[in-house]
Amino acid sequence: MTEGTAAGGFAGRLGAEVMSAADGSARLRFEASDDHLNPAGTLHGGVLATLVDTAMGQAVRSATEDGDVPATSQLTVTYLRPGTTGPLEVTAQVRTRGEHLTVCEAEVEQEGRSLAHAVATFALLHG
């Protein structure tokens with residue numbers, strides 16, 4: 001994957017960029033703006049959920065066969081501290097890969113501090 005490639009779909013519309021995706025891991029970059037904040041003035045939880053889901057999907061896709069499509073079947077996001085405007089980095093890593101289900105973890109960091117940790121299970125739809 002080319003560094004700095006816009007993420008597809010909804011995450012791409014938000015402005016997420018895929019920095020790398022290979023061998024069961026992925027890294028995304030995102031620049032949070034005022035448009036991404038909730039009424040309390042902190043980064044909206046739905047933005048963080050979208051970012052971790054996208055990063056983990058990229059990580060899983062990088063470890064599957066051509067034609068296999070990962071579909072999120074379970075997503076748990078633990079919000080650790082509020083985020084604000086500015087750059088974010090999201091990293092994801094496949095933890096356990098089975099024939100039909102794959103478990104992945106992700107972390108969101110801003111200014112060297114963890115904002116969220118996520119775990120997801122992906123069903124592999126065989127094409």
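**A helix and the charged pairs**

Modeller: Of the 17 residues of H2, 13 are buried, so this helix is largely enclosed by the rest of the structure. Here buried means under 20% relative accessible area, exposed means over 50%, and partly exposed lies in between, with a 1.4 Å probe and protein chains only. Helices (H or I, at least four residues) and strands (E, at least two) are DSSP runs numbered from the N terminus. This is a predicted model, in which local features need pLDDT of at least 70 and side-chain atom pairs count only at pLDDT 80 or more, whereas totals for chains, interfaces and linings use all residues. Residues are numbered from 1 along each chain as its sequence is written, and side-chain values use heavy atoms, with hydrogens and water left out.

Helix H2 covers residues 45-61, and at 1.5 Å a residue its 17 residues should span 24 Å, which agrees with the 24 Å between its end C-alpha atoms; the expected span is 1.5 Å times one less than the number of residues. Within helix H2 sits Thr-54, which counts as buried because its relative accessibility is 17%. Leaving aside neighbours within four places in sequence, Thr-54 is in contact (heavy atoms within 4.5 Å) with Ala-7, Ala-11 and Leu-28.

As for the charged pairs, a search of the whole structure finds 3 salt bridges, each being a side-chain nitrogen of Lys or Arg within 4 Å of a carboxyl oxygen of Asp or Glu. In one of them, Glu-17 pairs with Arg-29, with the closest N and O atoms 2.7 Å apart. Because Glu-17 lies in strand E2 (residues 17-22) and Arg-29 in strand E3 (residues 25-32), this pair ties together parts that are 12 residues apart in sequence. Glu-17 is partly exposed at 25% relative accessible area, and Arg-29 is partly exposed at 38%.

Arg-27 is partly exposed at 27%, as is Glu-89 at 34%.

Glu-105 is in strand E6 (residues 101-110) and Arg-95 in strand E5, 10 residues apart. Glu-105 is partly exposed at 25%, whereas Arg-95 is exposed at 51%.
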